[in-house]
Amino acid sequence: MTDTASERAPLGRRERKKAATRQALADAALRLFAERGYDEVGIRDVAEAADVSTTTLFKHFPSKEALVFDEGDEIRAALLAAVRERPAGQSIPRALRDHVLRARLPKGADADPRFVQLLELVDATPALRAYARQMWMQHEIDLAAAIAEESGAPADDPTCRALAHFALEARDLGHGGPDPEAAVNGAFALLERGWSGGQRDAAS
């Protein structure tokens with residue numbers, strides 16, 4: 001029996017051409033942004049570098065920011081998989097912590113140089129940081145639903161929504177600081193164990 005859910009039909013010629021144009025535009029944008037700086041590159045510059053018209057560019061990307069962020073569906077799928085496909089015995093906060101660290105702080109020899117370059121560009125560009133946060137946080141409701149499903153909680157459980165919200169917010173903690181990884185780890189330790197300063201607060 002063929003598992004049609006796990007197989008994809010091969011792309012036709014037209015779809016392959018569209019995908020190639022889209023990739024050429026994204027590659028040209030990243031190269032130009034890295035070379036000149038995001039604010040110094042216009043839409044026309046990117047279109048010319050990819051040898052297409054600006055009209056064609058806008059058929060693929062609705063805005064300049066979208067040239068950098070083109071994987072909304074993939075980001076959502078990876079977030080939900082981090083919760084649903086976590087190893088047996090691993091808590092949801094721990095699974096989300098590991099996923100956030102991989103998404104925010106790729107390390108080691110296996111890190112994709114293009115992805116590292118992209119993160120450096122976003123970190124150095126306030127407009128892109130704001131757009132990246134918007135794109136990341138838009139998955140809060142779907143993530144909360146996955147957490148509720150895995151926890152056996154009602155779909156609208158506010159605790160699950162809170163965990164989803166703060167887990168996503170933790171991604172940008174420590175930006176510009178000496179140890180972003182420690183900042184993310186600290187946030188998820190709080191989500192895992194709860195606030196332990198209550199007695200000190202009450203005594204002060």
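## Helices H7 and H9

The crossing of H7 and H9 is right-handed, meaning that the near helix is turned clockwise from the far one by less than a right angle. Helices here are DSSP runs (H or I, at least four residues), numbered from the N terminus. The model is predicted: local features need pLDDT of at least 70, side-chain atom pairs count only at pLDDT 80 or more, and totals for chains, interfaces and linings use all residues. Residues are numbered from 1 along each chain as its sequence is written, and side-chain values use heavy atoms, with hydrogens and water left out.

H7 packs against helix H9 (residues 158-169) at about 155 degrees, and their axes are 10 Å apart. Axes are lines fitted to C-alpha atoms, for helices over the stretch in contact, and angles run from 0 to 180 degrees between N-to-C directions. H7 and H9 are therefore roughly antiparallel, a label for angles over 145 degrees. Arg133, Trp136 and Met137 of H7 meet His165, Leu168 and Glu169 of H9, where contact means heavy atoms within 4.5 Å.

## Helices H5 and H10

The axes of helix H5 (residues 92-104) and helix H10 (residues 180-193) come within 9 Å and cross at roughly 165 degrees. H5 and H10 are therefore roughly antiparallel to each other. Their crossing is right-handed. Residues in the contact include Leu96 and Val100 of H5 and Val184 and Phe188 of H10.

## Phe188

Phe188 is in helix H10. Is Phe188 buried or exposed? Phe188 is buried, with a relative accessible area of 2%; buried means under 20% relative accessible area (1.4 Å probe, protein chains only). Leaving aside neighbours within four places in sequence, Phe188 is in contact with Pro93, Leu96, Arg97, Val100, Ala167 and Ala170. Leu96 is 92 residues from Phe188 along the chain, and their C-alpha atoms are separated by 8.4 Å.

## Nonpolar cores

A nonpolar core is a set of buried Ala, Val, Leu, Ile, Met, Phe, Trp, Tyr and Cys residues joined through side-chain atoms within 4.5 Å. The largest one has 26 residues, of which Phe33, Val46, Leu57 and Leu67 touch the most other members. Helices H1 (13-36), H2 (43-49), H6 (113-123) and H7 (126-137) are the elements that give two or more residues to this core. The largest share, 7 residues, comes from H1. Another core, of 24 residues, lies apart from it and has Val83, Ala144, Ile147 and Ala170 among its members.

Methods:
Angles under 35 degrees count as roughly parallel, over 145 as roughly antiparallel, 65 to 115 as roughly perpendicular and the rest as oblique. Buried means under 20% relative accessible area, exposed over 50%, partly exposed in between (1.4 Å probe, protein chains only).
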